[in-house]
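Let's walk through this structure together, starting from a single residue and then moving out to where two chains meet.

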Number of protein chains: 2
Amino acid sequence: MTDVAKSLNVSKTLVSMVLNNKGDEFGINQETQQRVLDKVKELNYKPNRIARGLRTGKSNLLGLIVSDISNPFYAKIARSVEDKVSKLGYNVIIASSDEDAKRESDLIQIMRDHQVDGLILSTTQTDNVDIKQMKKDGFPFVLIDRKVPRLDVNHVVVDNFKGGLQATEHLIKNGYKRIGLITISPSHLSTMKEREDGYKRALKENGVRFDKRLVAEVPFENLKEGVLGVLKSFMKPELAVQAVFVANNHVATACLEAAEQLGLRLPLDLAMVSFDDIELFRFCYPPVTAVAQPVGLIGDSAVDVLMDALKGLSETKKITLEPSLVIRKSCGEHLV
Amino acid sequence: MTDVAKSLNVSKTLVSMVLNNKGDEFGINQETQQRVLDKVKELNYKPNRIARGLRTGKSNLLGLIVSDISNPFYAKIARSVEDKVSKLGYNVIIASSDEDAKRESDLIQIMRDHQVDGLILSTTQTDNVDIKQMKKDGFPFVLIDRKVPRLDVNHVVVDNFKGGLQATEHLIKNGYKRIGLITISPSHLSTMKEREDGYKRALKENGVRFDKRLVAEVPFENLKEGVLGVLKSFMKPELAVQAVFVANNHVATACLEAAEQLGLRLPLDLAMVSFDDIELFRFCYPPVTAVAQPVGLIGDSAVDVLMDALKGLSETKKITLEPSLVIRKSCGEHLV
DNA sequence: TTGAAAGCGCTAACAC
DNA sequence: GTGTTAGCGCTTTCAA
């Protein structure tokens with residue numbers, strides 16, 4: 001910047017003003033402004049955002065923490081976040097926590113050390129210490145996908161209860177009574193909890209007896225084997241499960257695989273509804289019925305909320321989006 | 001930092017040294033060091049990385065630019081990059097270019113403005129001005145997935161020619177002679193070009209006549225309709241295509257959809273091999289035969305190469321990874 | 001073994 | 001209309 005200023009015999013201040021579009025505000029000659037702009041081009045000068053950040057206290061960087069960026073659900077959210085914030089002049093640092101609370105905590109710290117201006121995160125924490133800390137510090141952030149109990153913070157989630165309800169009701173309507181549920185640990189996640197609640201409510205409202213042996217939880221780190229084991233036990237005569245509601249796309253895929261290994265024909269031997277709709281579900285055999293989440297909208301809304309928080313608006317925003325059941329053929333629809 | 005220093009009656013210098021693990025190097029009392037560390041904890045002091053970055057010229061940030069982070073292929077790469085660099089103390093800014101050269105150029109600029117220490121990118125440029133500029137500036141970067149002709153720069157790619165060759169040969173071995181190819185524009189991409197070359201070579205080596213009417217290119221922005229149109233024309237009696245080799249996972253999905261719309265039964269009416277294997281291909285109907293790319297390894301190697309570049313090692317590294325054909329049932333394997 | 005001081009590149013308050 | 005100056009929070013000579 002000094003170079004530009006010197007070669008024009010003006011001060012750095014002036015250059016800075018022009019570059020920040022504050023030329024008019026400070027009443028600087030149009031001609032002078034143009035000269036600055038030209039010189040900047042000529043010297044191919046690029047402002048150093050780090051220096052600017054040091055001075056302004058802003059980095060124009062936002063953080064996004066999800067459990068796994070290679071999960072299509074989060075990848076789509078990431079994409080919509082990126083699209084939206086880039087229009088607003090921000091960039092985004094993305095990281096995966098692997099459902100590990102410690103790792104998540106570290107990531108939050110690292111991102112804050114990097115002076116991100118705000119954070120969008122899908123938390124896996126159970127004690128929420130970091131969330132509380134951020135709130136206490138007045139640091140701008142939005143929770144997505146998962147909310148935390150009893151804490152007044154911004155969030156953008158979908159109505160998991162309703163999704164679980166719809167999915168299970170659909171199964172019941174199609175004539176299934178022995179309906180299993182496979183969730184994923186950590187089980188404290190609000191999403192899993194609510195989907196389970198929806199499942200239970202659907203059973204209750206439709207007079208289907210709840211059997212707790214039909215609810216299984218498999219560990220995130222060991223999905224495939226976990227699901228295989230669960231399916232095996234579900235198939236035993238004493239349980240005689242006819243249909244499963246699986247709690248997310250990973251479990252659905254694992255379930256498809258396990259069914260294949262066990263020689264189960266879907267939906268004849270076992271019907272399945274998934275939570276999370278992903279593109280290829282449509283072309284699976286059988287096409288997978290799933291509760292679709294408005295992924296694009298989640299990212300979009302999260303950015304909206306975060307932008308408000310960045311502006312210092314203090315009321316917390318809690319947004320709940322609607323899921324929708326996409327009916328295909330994995331629940332014996334053709335039999336009805 | 002001043003707070004820590006003052007409350008301990010030492011200088012900022014000393015605190016800085018201790019925090020950067022240079023205490024011993026400068027021969028500072030163990031006891032003093034411990035006092036500093038304790039105080040830092042007590043005051044919950046966090047170093048400001050922006051300020052440090054301004055001083056050291058390093059941001060500990062790396063950039064990753066791909067065409068679309070929600071494409072599973074890139075999402076997996078992103079994940080492996082993230083995993084690897086986080087162990088090395090870096091974070092990564094991710095952005096999508098949408099195969100738009102201008103956007104890519106802007107992104108490179110933005111990331112460099114953010115003082116990223118290095119860049120990993122899957123370029124879509126045809127003139128490579130930005131690539132040349134980075135090389136000229138001595139800025140550390142690695143190309144992934146796609147290489148650029150006649151330019152001596154780091155890259156990590158897979159052998160697309162071989163992949164195309166294998167895929168097409170497989171089709172030929174299964175008895176197909178009228179084999180279509182669907183690539184995706186921008187067609188100058190090295191990947192597309194090489195896959196096409198592999199396709200041509202396979203035909204030649206196996207004495208199948210090349211018919212240029214069987215090579216189609218659909219625009220990235222308008223895939224679904226494009227593929228539908230292509231499939232329609234391929235089905236005309238004068239072309240009588242029996243099998244297609246599709247150039248990536250998006251085209252494969254679009255092809256699945258178009259086939260459904262046209263009432264084509266795979267592989268009876270049309271066989272298909274895809275480039276890019278994605279998890280659910282296994283469970284599609286029919287399960288999709290595909291050329292799998294070592295996604296994890298691409299990310300991993302790219303980071304290795306970038307780290308060397310960061311250290312100032314100047315020889316350029318060009319890594320070519322091996323693809324592998326995963327045979328399922330979309331090419332009439334059961335008929336053979 | 002420790003500290004003073006300069007300065008990274010920029011912005012903003014305050015002159016003139 | 002334009003320039004001077006004082007930092008932002010840190011690291012790194014250099015001196016003691």
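Which residues does A:R328 touch, not counting residues up to four places away in sequence? With contact taken as heavy atoms within 4.5 Å, A:R328 touches A:D277, A:F281, A:R282, A:P287, A:V288, A:T289 and A:E333. This is a predicted model, where local features need pLDDT of at least 70 and side-chain atom pairs count only at pLDDT 80 or more, while totals for chains, interfaces and linings use all residues. Residues are numbered from 1 along each chain as its sequence is written, chains are lettered from A and ligands numbered from 1 in the order in which they are written, and side-chain values use heavy atoms, with hydrogens and water left out.

A:R328 is buried, at 14% relative accessible area (buried means under 20%, with a 1.4 Å probe and protein chains only). The side chains of A:R328 and A:D277 are joined by a polar contact of 3.1 Å (a pair of N or O atoms within 3.5 Å; within protein, one must be able to donate a hydrogen and the other to accept it, and residues adjacent in sequence count only if both atoms are side-chain atoms).

Now to the two chains. Chain A and chain B each bring 45 residues to their contact. Between them they bury about 4500 Å², 59% of it on carbon and sulfur atoms; buried area is the accessible area (1.4 Å probe) that two parts lose on being put together, summed over both. There are 8 salt bridges between chain B and chain A, each a side-chain nitrogen of Lys or Arg within 4 Å of a carboxyl oxygen of Asp or Glu. B:R282 forms a salt bridge with A:E257, with the closest N and O atoms 3.3 Å apart.

Definitions and conventions
Buried means under 20% relative accessible area, exposed over 50%, partly exposed in between (1.4 Å probe, protein chains only).
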